[in-house]
Amino acid sequence: MTQVNFLYIVEVMSNRDYLGEFEHIVLLAVLRLDDQAYGVTVRREIEVRTKREVSIGAIYATLDRLEAKGYVQSRPGDPTPERGGRSKRFFRVTAPGVSAIHRTHRAIRSLAEGLDLLGSRL
Amino acid sequence: MRRPAPHTRPPSIAAWLVSLFGSADQAESILGDLEEEFSDIASKSAAASARRWYWRQSLKTIAQLAGAGVRNAPWPLAGLVLAGFLLQWFSTGLPEGVIVAILRTQRPYSNLHYDFYISFLTYGFPIAGDIQSILLGCLVAAFARQREVIATTALSFLGGASIGLLFFDASGHWSRFAYSWPFPIVQLINQLAIVLGGVIVREIRLALRKGCHEHDFNWTDK
């Protein structure tokens, strides 16, 4: 690939704002949990589905970034005794968030098209 | 589900450390999530393993929150830390100057306070240096809203690194500072005092915020 082509692809991708790997995972987890998505459930969903241990801090840092981009919205829940009287913060994916997921999936599908991934050394 | 024993509480120091980083709203929901999971783990396994889990999650969370705090506003934070560092650099020797000026006005030789004079010289310099560092930390934290502890920790690391350079001379060998053991200890305490200044400002802000919320609640309750 020539340097000009590579720089062009980087330019196009940065303008489109594709999701990072962890942003992608968190958005899908929130989408799966529907109206029950808050820190604990999102963390557990990711751990169960990806077999990857993640910290609450990583979830919140990512969700805050996604909220700043307008991909998720949050609302406070009611305080509960098992949480020491602290309230939950529920998240839901917005329409731009869903578009970002589709855009990222399309880009990955397009890049993977024609590649013999199953036959390669994995 | 079996509930944990009433005395099984999450480690309060870990919870306090988490509350120092990130915004107040973030800390509220994160600490709630941590406590919910802690209760769940404590109900299924030993309290010690639940506590270990809490500490591990807390330390990872602090690292994530600190990283996010830097990434969200890197340039204002860098400018503030640099300004604090320059202020620290140019005010070096100020506490010593103040102490010497005080001693001159007291004329200790002519009075019978020789012991006081000696103690003041021995302990006065490091204590004044610590007070100066706490004030510097407070000043930097006052401008670093929601990132008080991140800014002061970064400043103390920068200060510590610059002091570390004093341990080597121009040829890369140990300098005379490296052989004077109180010097690194005094400097280490000074750097910790900067972070303490940040913690003080953070705690005052959290207390004021809590007070405002309680006031609003009482007002709407009437």
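**The domain interface of chain B and its setting**

Guide: One salt bridge is found across the interface between domain 1 and domain 2 of chain B. The model is a predicted one. In the salt bridge of Asp25(B) with Arg209(B), the N-to-O distance is 2.7 Å. Polar contact between the two domains of chain B amounts to six residue pairs, counted where both residues have pLDDT 80 or more. On the domain 1 side, at least two residues each come from helix H1 (12–20), H2 and H3 of chain B. H3(B) provides the largest share of that side, four residues. By type, the domain 1 side that touches domain 2 consists of seven nonpolar residues, four polar residues and one charged residue.

The domain assignment places residues 6–70 of chain B in domain 1 and residues 73–221 in domain 2. Contact between them involves twelve residues of domain 1 and twelve residues of domain 2. About 1000 Å² is buried between these domains, with carbon and sulfur atoms giving 57% of that area. Within domain 1 of chain B, the residues that lose the most area to domain 2 are Leu20(B), Ala24(B) and Val70(B), which together account for 46% of what that side buries.

Leu20(B) also belongs to a group of buried residues in H1(B), the others being Ala14(B), Ala15(B), Val18(B) and Ser19(B). Just after H1(B), Gly22(B) adopts a positive phi of about 75°.

The interface can now be placed within the chain. Chain B contains eight helices and zero strands. Of its 222 residues, 39% are buried. Among contacts in chain B with a separation of 6 or more, 75% are between residues 24 or more positions apart. One salt bridge that spans such a distance pairs Glu148(B) with Arg205(B), with the closest N and O atoms 2.7 Å apart. Because Glu148(B) is in helix H7 (residues 148–165) and Arg205(B) in helix H8 (residues 182–221) of chain B, the pair ties together parts 57 residues apart in sequence. Glu148(B) counts as buried, at 2% relative accessibility. Elsewhere, salt bridges with shared partners connect Arg43(A), Arg44(A), Glu47(A), Glu37(B), Asp40(B) and Lys44(B) in one network.

In one of them, Asp40(B) pairs with Arg44(A), the closest N and O atoms being 3.0 Å apart. Helix H2 (24–44) and helix H3 (47–72) of chain B are the elements that give two or more residues to the side of chain B touching chain A. H2(B) gives the most to that side, with 13 residues. The side is made up of five nonpolar, seven polar and ten charged residues.

In terms of contact, 22 residues of chain B meet 22 residues of chain A. The area buried between the chains is about 1900 Å², and carbon and sulfur atoms give 44% of it. On the chain B side, Asp33(B), Glu36(B) and Glu37(B) lose the most area to chain A, together 29% of what that side buries.

Asp33(B) takes part in a further salt bridge, with Arg83(A), where the closest N and O atoms are 2.6 Å apart. The pair joins two chains, because Arg83(A) lies in the loop between strand S1 (72–80) and strand S2 (86–93) of chain A and Asp33(B) in helix H2 of chain B. Arg83(A) is buried, with 0% relative accessibility, and Asp33(B) is buried as well, with a relative accessible area of 0%.

Chain A itself has five helices and two strands, arranged along the sequence as α-α-α-α-β-β-α. Within chain A, Glu45(A) and Arg32(A) form a salt bridge with an N-to-O distance of 3.1 Å. Glu45(A) lies in helix H3 (residues 39–50) and Arg32(A) in helix H2 (residues 21–33) of chain A, 13 residues apart. Glu45(A) is buried, with a relative accessible area of 16%, whereas Arg32(A) is exposed, with a relative accessible area of 51%. Over all chains, the whole structure holds 21 salt bridges.

Conventions: Residues are numbered from 1 along each chain as its sequence is written. Chains are lettered from A and ligands numbered from 1 in the order in which they are written. This is a predicted model: local features need pLDDT of at least 70, side-chain atom pairs count only at pLDDT 80 or more; totals for chains, interfaces and linings use all residues. Side-chain values use heavy atoms; hydrogens and water are left out. Contact means heavy atoms within 4.5 Å. Buried area is the accessible area (1.4 Å probe) that two parts lose on being put together, summed over both. A salt bridge is a side-chain nitrogen of Lys or Arg within 4 Å of a carboxyl oxygen of Asp or Glu. Ala, Val, Leu, Ile, Met, Phe, Trp, Tyr, Cys and Pro count as nonpolar, Asp, Glu, Lys and Arg as charged, and the others, Gly among them, as polar. Domain bounds come from an automatic or database domain assignment. A polar contact is a pair of N or O atoms within 3.5 Å; within protein, one must be able to donate a hydrogen and the other to accept it, and residues adjacent in sequence count only if both atoms are side-chain atoms. Buried means under 20% relative accessible area, exposed over 50%, partly exposed in between (1.4 Å probe, protein chains only).
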